Amino acid sequence: MNLGRLDLNLLVVLEALIDEAHVTRAAERVGVSQPAMSDALQRLRQLFGDQLLVRVGRQYPLTALAMELRDPLHEFLQLAEGIVQHRERFEPATDTRIFNVVASEYSVYVLVQPLLKRIVRDAPGVSLRLQRTTRGEPEPQHGSR
């Protein structure tokens, strides 16, 4: 099979279907309509050549294949999530980023002053750009890093 032609979102749908063992609850979990989830289930059935979930009254028992797919599918999706969310590790001692902080005068006094002391000690290359809130609302931010 050519993975380039596979809609990998179907694997997220499959995980929800397997975990919930119910089309409507899986749809709610993924944030799609029940008809969209039913359509995705049909595509998954075609892809795997298996019913995956079989409706019996109000229940949807999993087929043997669906139960067999549960653990490897969960591991695969965790790995994919880790790849997508991979971020450069924050090293305070060597980082040189500028962080924008929007806070009231009181918040600056209570929270930011102790933070600044710690930044000077642990992250000397890091800078804070402080902006005061206006009427309790944060000012719009532009160009934050």
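**Aromatic pair, helix contact and a buried glutamate**

A search of the whole structure, a predicted model, finds one aromatic pair.

Me: What is the geometry of the pair formed by the rings of Phe90 and Phe99: stacked, tilted or edge-to-face?
Reply: The ring centres of Phe90 and Phe99 are 6.3 Å apart, and their planes stand at 85°. Planes over 60 degrees apart count as edge-to-face. The pair of Phe90 and Phe99 is therefore edge-to-face.

Me: Is Phe99 buried, partly exposed or exposed?
Reply: Phe99 has a relative accessibility of 27%. Buried means under 20% and exposed means over 50%. Phe99 therefore counts as partly exposed.

Me: How are helices α2 and α3 oriented to each other: roughly parallel or roughly perpendicular?
Reply: Helix α2 covers residues 23-30 and helix α3 covers residues 34-48; their axes come within 8 Å and cross at roughly 105°. Angles of 65 to 115 degrees count as roughly perpendicular. The orientation of α2 and α3 is therefore roughly perpendicular.

Me: How many charged residues does the contact of α2 with α3 have?
Reply: From α2, the residues are Val23, Thr24, Ala26, Ala27 and Val30, and they meet Gln34, Met37, Ser38 and Leu41 in α3. By class, this contact has six nonpolar and three polar residues, and the number of charged ones is none.

Me: Is Glu15 buried or exposed?
Reply: Glu15 is in helix α1, residues 9-20. Leaving aside neighbours within four places in sequence, Glu15 is in contact with Arg29, Leu73, His74 and Leu77. Its relative accessibility is 14%, and under 20% means buried. Glu15 therefore counts as buried.

Key
Residues are numbered from 1 along each chain as its sequence is written. This is a predicted model: local features need pLDDT of at least 70, side-chain atom pairs count only at pLDDT 80 or more; totals for chains, interfaces and linings use all residues. Side-chain values use heavy atoms; hydrogens and water are left out. Rings of Phe, Tyr and Trp (its six-membered ring) pair if their centres lie within 6.5 Å; planes under 30 degrees apart count as stacked, over 60 as edge-to-face and the rest as tilted. Buried means under 20% relative accessible area, exposed over 50%, partly exposed in between (1.4 Å probe, protein chains only). Axes are lines fitted to C-alpha atoms, for helices over the stretch in contact, and angles run from 0 to 180 degrees between N-to-C directions. Helices (H or I, at least four residues) and strands (E, at least two) are DSSP runs, numbered from the N terminus. Angles under 35 degrees count as roughly parallel, over 145 as roughly antiparallel, 65 to 115 as roughly perpendicular and the rest as oblique. Contact means heavy atoms within 4.5 Å. Ala, Val, Leu, Ile, Met, Phe, Trp, Tyr, Cys and Pro count as nonpolar, Asp, Glu, Lys and Arg as charged, and the others, Gly among them, as polar.
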